[in-house]
There are 2 protein chains.
Amino acid sequence: MTNPRRFLPILDWGRSYDRSSFSNDMIAAVIVTIMLIPQSLAYAMLAGLPPEAGIYASIAPIVLYAVFGTSRALAVGPVAVVSLLTASAIGHVAEQGTAGYAVAALTLAFLSGGILLLLGVLRLGFLANFLSHPVIAGFITASGILIALSQFKHILGISAYGHTLPEMLWSMIAHLDQINWITMAVGFSAIGFLVWVRGNLKPLLRRIGIGPTLADFLAKGGPVVAVVASTLAVWSFDLEGLGVQIVGAVPQSLPPLTLPSFAPDLVGALLVPALLISVIGFVESVSVAQTLAAKKRQRIDPDQELIGLGAANLGAAFTGGFPVTGGFSRSVVNFDAGAATPAAGIYTAMGLAVAAVSLTPLIYYLPNATLAATIIVAVLSLVDLSILKKTWGYSRADFTAVAATILLTLGLGVEIGVGAGVAISVLLHLYKTSRPHVAEVGLVPGTQHFRNIHRHEVEIDPSLVTLRVDESLYFVNARFLEDLIQSRVATGSAVKNVVLLFSAVNEVDYSALESLEAINARLGDMGVGLHLSEVKGPVMDRLNRSHVIEQLNGEVFLSQFDAWHALKGQS
Amino acid sequence: MTNPRRFLPILDWGRSYDRSSFSNDMIAAVIVTIMLIPQSLAYAMLAGLPPEAGIYASIAPIVLYAVFGTSRALAVGPVAVVSLLTASAIGHVAEQGTAGYAVAALTLAFLSGGILLLLGVLRLGFLANFLSHPVIAGFITASGILIALSQFKHILGISAYGHTLPEMLWSMIAHLDQINWITMAVGFSAIGFLVWVRGNLKPLLRRIGIGPTLADFLAKGGPVVAVVASTLAVWSFDLEGLGVQIVGAVPQSLPPLTLPSFAPDLVGALLVPALLISVIGFVESVSVAQTLAAKKRQRIDPDQELIGLGAANLGAAFTGGFPVTGGFSRSVVNFDAGAATPAAGIYTAMGLAVAAVSLTPLIYYLPNATLAATIIVAVLSLVDLSILKKTWGYSRADFTAVAATILLTLGLGVEIGVGAGVAISVLLHLYKTSRPHVAEVGLVPGTQHFRNIHRHEVEIDPSLVTLRVDESLYFVNARFLEDLIQSRVATGSAVKNVVLLFSAVNEVDYSALESLEAINARLGDMGVGLHLSEVKGPVMDRLNRSHVIEQLNGEVFLSQFDAWHALKGQS
């Protein structure tokens, strides 16, 4: 484990780097760079930052991830959900457009990077598991709706604010008189074009004889076409003079060296949002990375991923960026384009650096409405309400978690939505295990098998009650078993022996141990024997560290069949 | 379930009430009444209330519990831990000795009664299970220390304040100059006498030929002797004039009719403490009631207990009392004295009512130091640090919960102590289940049994990996299994089939379902089959509601032996 290659995966793939890898990586890098330029500008706008911040946030982070990350194809940079979380977190501490806002973004990236690094070094990646699939799915769907709505003001050309659905709707309605019809025309044209490209361009290209791979990449180029066409339109017809908001002057520069703030007030206010961004970004990134790695039988180390993403965010904090993570769409493009190693990311960073110093004057006339359209079309694919139907069919508890997360995220904002979702998932899990399935079993005649007496024709003995406990015993359900046995034995006074069949009991904690002792003492007071059967090795080891086995009013049987033979017919 | 006897247990035992029950109950009532007089005064002092409040809190509540409760022997009234919680809760909203303080106590009893009734009607008694045994044990021990320390000021005759160990110690040290040496002499004499009575009186009485039952009851009368003797001493030697604090004038009256306050600020401030008092009081009371019921093969209905305790607290709120619950020592005395039905409680209430109107002038000269001594000696039996040793030997997680609860209760107060204890228990449980025991198993030669390949000599097949999962699969551990299988299969490229042996899997939630689907898809991409074996009925029913079984890259086998036969040797 002290192998430096574990902490610097670049040492692993770097030594076998060859000409073929180089050419594959270069091709992927060119394609990804072209795709990333409009995407980076758009996510910067979503985060409430100037457009160049999006480009900067794609350069240093991608290089640092290439050095420290374990995925061969993951592309790191600004992504929709993390940009929304950034806007929400910073919106509480600074006014958009001020210097304080940009510094807060750097600070948030710094804190997020620090948290990720710390979790990675302490190997605490499993904490991300507290976000259940229903909570993540509900959160992503609600975020998609909030993101689309937050960008809709740019399509209408109005100003509107808010971090929750009611706030946004109310603010938009209050500003409806500001609508700029030309902006709206540009915005809706861009949305219409992008939706058409997404659904129809690829089949069309295929029909006119273009190969599938090329057709796929041309279809992915839709946003670039929308950017170029709408920029030309604004420039040609002087739409700026008619009130269409444009990107305007963007500095022509490599990423600057920047410093986050360490003011205790600001750090205190951003710590919880930074934790949330870290965990959500990590979960999103790792699931993309694992999906892509599996396709090539490669392996992702989640704890090392935390270090890679932590380094990327620290990079963003010191080079004028904002919080980043591994993005789904850009990683898939990178993978499909044939990226063989993380070097593809390094070449992409170089391409973006060239764009930052040379191409920025060309986007002066780019309308904000076009960027908003690319965001809206991109995030609508995140909105998947079918999760409600799927979980409803599978389990009411999971459905409750999804529905609560969606409603609370939309109604009260992203932080409360995710927090409540996690709390609800945990409580539902505890509730489910608090009333475990306990079956009273009897012998299936002619076999050594025992089955539920209410479902099967089985032999029973009025002096012997055998209960199969289908859950680990721990504090939340310990007393349930006490009550159950007490009520079963108090009502059946012919009972002489109780056997607990422990084949599905994976743990007995101290509370459950005390309950077992109480059950044993109470049954003893009633003159009833308490026996255990089919106790697993690790559970038995632990029980042997206490006095419960030596004080047991009965025996421990290796198999339930042995218990049946020894105890039946003692009435 | 609509049987009125379920909601009014009095209808059940009342109709078979006879002369023998009456005489048993009367004898028990006389003994309990004598014991309760000093105890009630003392716990009122602990709660920061005037002494009569303790008597009032023992009258109406005991009658209401007799009507609605299910335990035949439980004696309801003020108890040490709940009195401490009351003092801590009210201390934050009112000054001790003011009218607002007494009203806050009534309000707290009212809220607590309302919460208990609500939990009972909604049948939510299982919520009390969130308090694990380690948390309760740690909390009771820490509370005993805090209670003893809070009463020590009365022994020294100084004024001191605080709700945490450091606050109390600091305040006592700051007021050490106020020490009254005569008070100290009275206090330490009382403590010494009570400790001697507790340890030595019963054996002594036995030796001089008194029967065991009578000796036991005489020994329990120690506090009454201390009260009488010290009252006489103060009166005879005019110790009041020498600075010894006495109980003073106590109104000679039946419990008054009182009204709690419904001021929103006060209710808001007391709601969380009331919840805490309800839950802790309920847990303490139910465990006493169950222990006593088991000795006579009787049954306690925990949800009906909530209703009984709720009614008792509402009774306290409207008759000048404060929060109450079923007490351990008084219930055991009641049981041992032969109480046959809850009518014993009603007679005890009558005895206390007589005491309230006739005996109160006699306690004018009772020194506070004697009451403090009875509390200190009583609660020292609650302090049981051996729980630290027991849990250390059994499980580090349980030890951590105990130690954290003790330290946080002592250091930061009762509310934070219990809250943190519950949170820590839940997190430790989630942590333990987040990394479940998963064993790779092989066939024990000549049998149909499968055992861990690292512990036993078993047959294995390089093309077939069988993993036995010893835990329910849910969101906290879903991704663990994904990572585990990915790493096992990525490193063993000869693997053609993976079998998951599900005999100990009691649940698969939606997150785990998605993980199974992801595992299935990834193994599919690698050309590896995924199979399940020995899936339980309820788990299989649920999996069949999703598409995972039809999309499975393999089969579901009824037994692991079938899976082995079908899949071995496919390299």
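Throughout these legends, a residue is called buried under 20% relative accessible area, exposed over 50%, and partly exposed in between (1.4 Å probe, protein chains only). The structure is a predicted model, in which local features need pLDDT of at least 70 and side-chain atom pairs count only at pLDDT 80 or more, while totals for chains, interfaces and linings use all residues. Residues are numbered from 1 along each chain as its sequence is written, chains are lettered from A and ligands numbered from 1 in the order in which they are written, and side-chain values use heavy atoms, with hydrogens and water left out.

**Figure 1. Arg488 and Glu440 form a salt bridge within chain A.** A salt bridge is a side-chain nitrogen of Lys or Arg within 4 Å of a carboxyl oxygen of Asp or Glu. In the pair A:Arg488 and A:Glu440, the closest N and O atoms are 3.0 Å apart. A:Arg488 belongs to helix 20 of chain A and A:Glu440 to strand 3 (residues 438–443) of chain A, so the pair ties together parts that are 48 residues apart in sequence. Helices (H or I, at least four residues) and strands (E, at least two) are DSSP runs, numbered from the N terminus. A:Arg488 is partly exposed, at 26% relative accessibility, whereas A:Glu440 is buried, at 15%.

**Figure 2. Chain B contains a salt bridge between B:Arg488 and B:Glu440.** The closest N and O atoms of this pair are 3.0 Å apart. Distant parts of the chain are linked here: B:Arg488 is in helix 20 (residues 475–491) of chain B and B:Glu440 in strand 3 (residues 438–443) of chain B, 48 residues apart. With a relative accessible area of 27%, B:Arg488 is partly exposed; B:Glu440, with 16%, is buried.

Figure 3. The closest N and O atoms of B:Glu507 and A:Lys432 are 2.7 Å apart. B:Glu507 is buried, with a relative accessible area of 13%, and A:Lys432 is partly exposed, with 26%.

**Figure 4. A:Lys536 forms a salt bridge with B:Asp470.** Their closest N and O atoms are 3.3 Å apart.

**Figure 5. Several helices of chain A supply residues to the side that touches chain B.** Among those supplying at least two residues each are helix 7 (133–156), helix 12 (264–295) and helix 22 (537–544). Helix 20 of chain A gives the most, with 10 residues. By class, this side of chain A has 30 nonpolar, 22 polar and 21 charged residues; Ala, Val, Leu, Ile, Met, Phe, Trp, Tyr, Cys and Pro count as nonpolar, Asp, Glu, Lys and Arg as charged, and the others, Gly among them, as polar. The contact (heavy atoms within 4.5 Å) takes 73 residues from chain A and 73 residues from chain B. About 6500 Å² is buried between the chains, with carbon and sulfur atoms giving 53%; this buried area is the accessible area (1.4 Å probe) that two parts lose on being put together, summed over both.

**Figure 6. Chain A is superposed on chain B by a rotation of 180°.** The shift along the axis is 0.0 Å and the RMSD is 0.1 Å, the superposition being by least squares on the C-alpha atoms of residues with pLDDT of at least 70 in both copies. The two copies are thus related as by a two-fold rotation axis. In chain A, the C-alpha of A:Ala504 is the nearest to the axis, 2.4 Å from it.

**Figure 7. B:Thr319 lies in the loop between helix 13 (302–318) and strand 2 (325–326) of chain B.** B:Thr319 is buried, with a relative accessible area of 15%. Its side chain reaches the backbone oxygen of B:Gly315 at 2.7 Å. Leaving aside neighbours within four places in sequence, B:Thr319 is in contact with residues including B:Tyr56, B:Pro255 and B:Thr258.

Definitions and conventions: Polar contact = N/O pair within 3.5 Å; in protein donor to acceptor, adjacent residues only side chain to side chain.
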